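Subject: Structure handover

Hi,

Here is the structure I promised to pass on. Please open it and keep it beside this email as you read.

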Amino acid sequence: MGTYEDLAAVYDQLMNRDVNYSQWADYLWDLICEVRSAPTEGLELAAGTGNLTEALIGKNCHIDAFDRSEEMLMAAREKNLSPRDVRFFRQDMLDFRFSKQYDFAVCACDSLNYLLEDGDLERVLKKVFDHLKPGGVFVFDMVTLYRMGEMYGNETFVVDQEDVYYVWKNRWDPDQNRIGYEITFFVRDDEVYERFDEIHDQRGYSEAAIRKALEEAGFTGIEAYEAFGREPLTATSERMQWRAVKGV
């Protein structure tokens with residue numbers, strides 16, 4: 001069982017049915033431009049197959065995007081985006097390194113929830129801080145503990161989407177605030193279905209823990225919203241959208 005190795009081939013097919021990347025990019029761009037005037041250079045963590053990247057470069061900016069999955073990056077490169085607009089790199093969030101600083105950084109689709117060990121979140125936030133120019137802004141989203149524990153829990157879901165059928169089984173550990181997703185896919189190839197399995201583990205973080213980690217990294221102007229809007233977080237929020245600024 002792997003992580004994104006086989007999923008990369010059908011990732012866009014699954015996500016594009018439910019996600020409007022153009023609207024998502026508009027939302028993030030508004031958050032960025034409210035505190036960083038005319039940003040031109042961005043960094044994207046865990047860029048995956050480059051769907052959000054493609055939408056963001058439509059804002060007349062250049063993005064250096066990275067992901068640790070070579071298979072996901074191969075799918076991103078197949079989009080044939082201009083190297084004048086974006087460069088894709090294979091790097092890991094925990095130890096990424098670039099020789100420049102950026103106007104903004106983006107990490108979407110709850111990628112920071114994949115930081116499992118104590119200190120991982122703090123380490124990544126500090127690295128993002130160091131890669132931003134003074135006045136730079138970091139926007140990212142994370143799935144809440146409520147969604148992990150109360151909505152996903154130990155449930156099993158079955159999804160039939162035309163040429164892709166999958167069974168999604170969850171394992172929730174409330175003591176560690178961790179959830180494991182065991183997903184079995186059946187993907188149609190001509191007249192047969194090919195099976196592959198994926199295992200994903202995520203960790204939930206409280207609003208207070210994230211805010212503290214941002215402050216310790218040096219960020220200011222820290223704000224959190226219900227994702228895709230501007231409403232304040234509640235006890236039943238499912239996804240948190242964060243914005244933090246590197247002070248001038």
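Below is what was found, one region at a time. Please bear in mind that this is a predicted model.

Start with helix H5, residues 120-131, and helix H7, residues 207-217. They pack at an angle of about 45°, and their axes are 9 Å apart. That angle makes H5 oblique to H7. The crossing of H5 past H7 is right-handed.

Now look at who meets whom. H5 brings Leu121, Glu122, Leu125, Lys126 and Phe129. On the H7 side, they meet Ile210, Ala213, Leu214, Glu216 and Ala217. Sorted by class, the contact of H5 with H7 has seven nonpolar residues and three charged ones. No polar residues take part in it.

**Arg36**

Next, go to the loop between helix H2 (21-33) and strand S1 (41-45), where Arg36 sits. Is Arg36 buried or exposed? Its relative accessibility is 18%, so Arg36 counts as buried, the cut-off being under 20%. The side chain of Arg36 makes a polar contact with the side chain of Asp103, at 2.7 Å. Leaving out residues up to four places away in sequence, Arg36 touches Asp103, Lys133, Pro134, Gly135, Gly136 and Val137.

**Phe185**

Strand S8 covers residues 178-189 and holds Phe185. Phe185 is buried, with a relative accessible area of 3%. Which residues does Phe185 touch, not counting those up to four places away in sequence? Among them are Leu7 and Leu14. Val164, Tyr165 and Tyr166 are also on the list, as are Glu194, Arg195, Phe196 and Glu198. Take Val164 and Phe185 as a pair: they are 21 residues apart in sequence, yet 7.0 Å apart in space, C-alpha to C-alpha.

**Two positive phi values**

Last, some backbone angles. Most residues other than glycine have a negative phi. Cys109 has a positive phi of about 60°, although it is not a glycine. Asp110 is not a glycine either, and its phi is positive too, near 50°.

Where are they? Cys109 lies in the loop between strand S4 (102-107) and H5. Asp110 also lies in the loop between S4 and H5. Cys109 is partly exposed, with a relative accessible area of 23%. Asp110 counts as buried, at 10% relative accessibility.

Best wishes

Terms used
Residues are numbered from 1 along each chain as its sequence is written. This is a predicted model: local features need pLDDT of at least 70, side-chain atom pairs count only at pLDDT 80 or more; totals for chains, interfaces and linings use all residues. Side-chain values use heavy atoms; hydrogens and water are left out. Axes are lines fitted to C-alpha atoms, for helices over the stretch in contact, and angles run from 0 to 180 degrees between N-to-C directions. Helices (H or I, at least four residues) and strands (E, at least two) are DSSP runs, numbered from the N terminus. Angles under 35 degrees count as roughly parallel, over 145 as roughly antiparallel, 65 to 115 as roughly perpendicular and the rest as oblique. A crossing is left-handed if the near helix is turned anticlockwise from the far one by less than a right angle, and right-handed if clockwise. Contact means heavy atoms within 4.5 Å. Ala, Val, Leu, Ile, Met, Phe, Trp, Tyr, Cys and Pro count as nonpolar, Asp, Glu, Lys and Arg as charged, and the others, Gly among them, as polar. Buried means under 20% relative accessible area, exposed over 50%, partly exposed in between (1.4 Å probe, protein chains only). A polar contact is a pair of N or O atoms within 3.5 Å; within protein, one must be able to donate a hydrogen and the other to accept it, and residues adjacent in sequence count only if both atoms are side-chain atoms.
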